[in-house]
Amino acid sequence: MHRNFEATIIKFNRTMIAQKSYKIIVTIALALLPMLVISQEHGEAQESKKKFNATDMIMHHIGDSHGWHFFGEGENSFTLPLPVILYTENGVVSFMSSEFHHDTEGHHVVEKDGMRFVNYHEKIYQLNEGADTVEFDAEHHPVNASRPWDFSVTKNVAAMFLTVVLMLLFFFSLSKHHKKNTHAPKGFNNILETLVLFVRDEIAVPQIGEKKYMKFMPFLLTVFFFIWITNLLGLLPGAANVTGNIAVTVSLGLFTLALILINGNKDFWQHTFWMPGIPTFVKPILMVVEVIGLIIKPVALMIRLFANITAGHIIILSLIGLIFILESTGVAGISVPFALFITILELLVAFLQAFIFTMLSALFIGMAVAEHEHH
Amino acid sequence: MDLITPEIGLFFWQTIVFLVLIFLMAKFAWKPILGAVKNREDSINDALASAENARKEMQNLQADNDKLLKQARAERDAILKEARELKEKVVSEATGEAQEKADKIVAQAQAIIQNEKNAAMADIKNQVAALSIQIAEKVVREELSNKDRQQKLVEDMLADVTLK
């Protein structure tokens, strides 16, 4: 009776805190939203002087780039230069992205160590001897240039670093609190702890089980907070679309796959390759299905995250782009509130996708490590 | 197609950064945080359990107290009852004894009275006898002082006497 009461109070507190944190996030997002709209309108206003191409604008915004562009156009734009790191046949070459002078059409040639590079639509090409700009054949293969291995710190990588720095700051502060005292933390640390407990009690323990969940907590917690914080940062004006980039989600999905493959127990492999308890002639068929399933699981994870985040960005950008397509400011009266609505929806999606990715990762890992008592 | 073609550079960075992040977070954040939370939960559970125990102990103590109180009350009642009985007994005993004593005294007094009465009666008898003799003596002396009368007396007496 007494204990039940305590539990109810604790639960109530948790939901209160969750609501509080949600309110804070919504407030921050609402405060920043006008900036998003203004900065995008500003950027697009000048593009529209040329022929406005909504597809190019959207692809540019959701794609990666070699500099962190905030506002302005051409030489006057405010762009944070980022290091370009290339692995060529002659070794590693690096220079700042500002050396391209905001050129993304492959006109401005950067010379380094006797090699010549251009930036064509945020892809770095190494020009062959005698070439001044990159040219493409009918299948869009470069004819007079090649692509070196590009390990540049792009906008997405920089945004990733920002997430890492935030996570280290947040959770080292919580960890520091726990080193000093034994009682529950207050304020922001309490929100963080509630979220950590949410991952533990709602994701890891139910999916993996009381005995084995501890081993996977570092991965699950890191992936949850990484995706969530990156999603939220991606909603800020001028921010990068990290979790909406397929390379990032492929990497995250492969982490889950690796954990399944490394931790899969004997039962799991037996069920994958030679399912017990069924007629022998069905076993090879089922093996094919199971192996495909094993690969489809992380593929589904990577596509889900990538598609959801990218779709959200595309919808917002399309709504804003409508103003320039129809060349009428009156459209803003409709498309801006719509974009606002979608942005708020995206706040929910940001959490939801982090939750789903973590949840399904935990589920797949839980299936791989589960003990089967029957058969 | 650019959208769904993973860039090797970004993939490389994501993998490296994520590996380092997992390592750092696991060592410096997740482990201490989860450990501390676990400790706190354990201590809360312990505290709740010990509170429950204390409550039970309190209940036991209260029950003991009640039992003791009841016992004490019963004992008091028993003592009171005994006392009352004793009193009644004492009173009744005393009454009986007094009655007996009184009866005895009365009996003694009666005996004494009887004795006294007897003695008095005997005395009275003696005195009456003596008086009678004296009177008789005087009468006789008077009677005998005269010859005629003497004669007469003798004759009277003789007349009374009948020879058997």
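B:Leu3 counts as partly exposed because 14 C-beta neighbours fall inside 10 Å (buried takes 20 or more other C-beta atoms within 10 Å, exposed takes 12 or fewer, partly exposed lies in between, and C-beta atoms are placed from the backbone). This is a predicted model, in which local features need pLDDT of at least 70, side-chain atom pairs count only at pLDDT 80 or more, and totals for chains, interfaces and linings use all residues. Residues are numbered from 1 along each chain as its sequence is written, while chains are lettered from A and ligands numbered from 1 in the order in which they are written.

- B:Leu3 sits in the segment before α1 of chain B (helices are DSSP runs of H or I with at least four residues, strands are runs of E with at least two, and both are numbered from the N terminus).
- B:Leu3 is 108 residues from B:Ala111 in sequence, and their C-alpha atoms are 147 Å apart in space.
- The contact between the chains involves 31 residues of chain B and 40 residues of chain A (two residues are in contact if their C-beta atoms, placed from the backbone, lie within 7 Å).
- On the side of chain B that touches chain A there are 23 nonpolar, four polar and four charged residues (Ala, Val, Leu, Ile, Met, Phe, Trp, Tyr, Cys and Pro count as nonpolar, Asp, Glu, Lys and Arg as charged, and the others, Gly among them, as polar).

**Chain A overall**

- Chain A contains nine helices and nine strands.
- Of the 375 residues in chain A, 34% are buried.
- Among its contacts between residues at least 6 apart in sequence, 60% join residues at least 24 apart.

**Nonpolar cores**

- The largest nonpolar core has 62 residues (a nonpolar core is a set of buried Ala, Val, Leu, Ile, Met, Phe, Trp, Tyr and Cys residues joined through C-beta atoms within 7 Å).
- A:Ala204, A:Phe216, A:Leu220, A:Leu221, A:Phe224 and A:Ile365 have the most contacts inside this core.
- At least two residues of this core come from each of α3, α4 (187–208), α5, α6 (246–263), α8 (283–325) and α9 (332–369) of chain A, and also from α1 (8–144) of chain B.
- α5(A) provides the largest share of this core, 14 residues.
- A:Phe216 contacts A:Ala204, A:Ile208, A:Leu259, A:Ala362 and A:Ile365, leaving aside neighbours within four places in sequence.
- A second, separate core has 13 residues, including A:Phe117, A:Val118, A:Val134 and A:Ala145.

**Helix packing in chain A**

- Two packed helices are described by the angle between their axes and the distance between the axes.
- Helix α3 (residues 155–180) of chain A packs on helix α5 (residues 213–234) of chain A at about 120°, with the axes 10 Å apart (axes are lines fitted to C-alpha atoms, for helices over the stretch in contact, and angles run from 0 to 180 degrees between N-to-C directions).
- α3(A) and α5(A) are therefore oblique to each other (under 35 degrees is roughly parallel, over 145 roughly antiparallel, 65 to 115 roughly perpendicular, and the rest oblique).
- The contact of α3(A) with α5(A) has eight nonpolar, two polar and no charged residues.
- The axes of α6(A) and α8(A) come within 8 Å and cross at roughly 150°, which makes α6(A) roughly antiparallel to α8(A).
- α6(A) and α8(A) also form a right-handed crossing.
- Residues of α6(A) that meet α8(A) include A:Ile246, A:Val250 and A:Leu257, and those of α8(A) include A:Pro298, A:Leu305 and A:Phe306.
- The contact of α6(A) with α8(A) has 11 nonpolar, three polar and no charged residues.

**Individual residues among the strands of chain A**

- A:His101, in the loop between β4 (91–96) and β5 (110–112) of chain A, has a positive phi near 55° although not a glycine.
- A:His101 counts as exposed because it has 12 C-beta neighbours inside 10 Å.
- A:Glu122, in the loop between β6 (115–120) and β7 (123–127) of chain A, is another non-glycine residue with positive phi, near 65°.
- A:Glu122 is buried, with 21 other C-beta atoms within 10 Å.
- A:Arg116 belongs to strand β6 of chain A and counts as partly exposed, with 17 C-beta neighbours inside 10 Å.
- A:Arg116 touches A:Val109, A:Glu111 and A:Leu127, not counting residues up to four places away in sequence.

Notes
Left-handed = near helix turned anticlockwise from the far one by under 90°.
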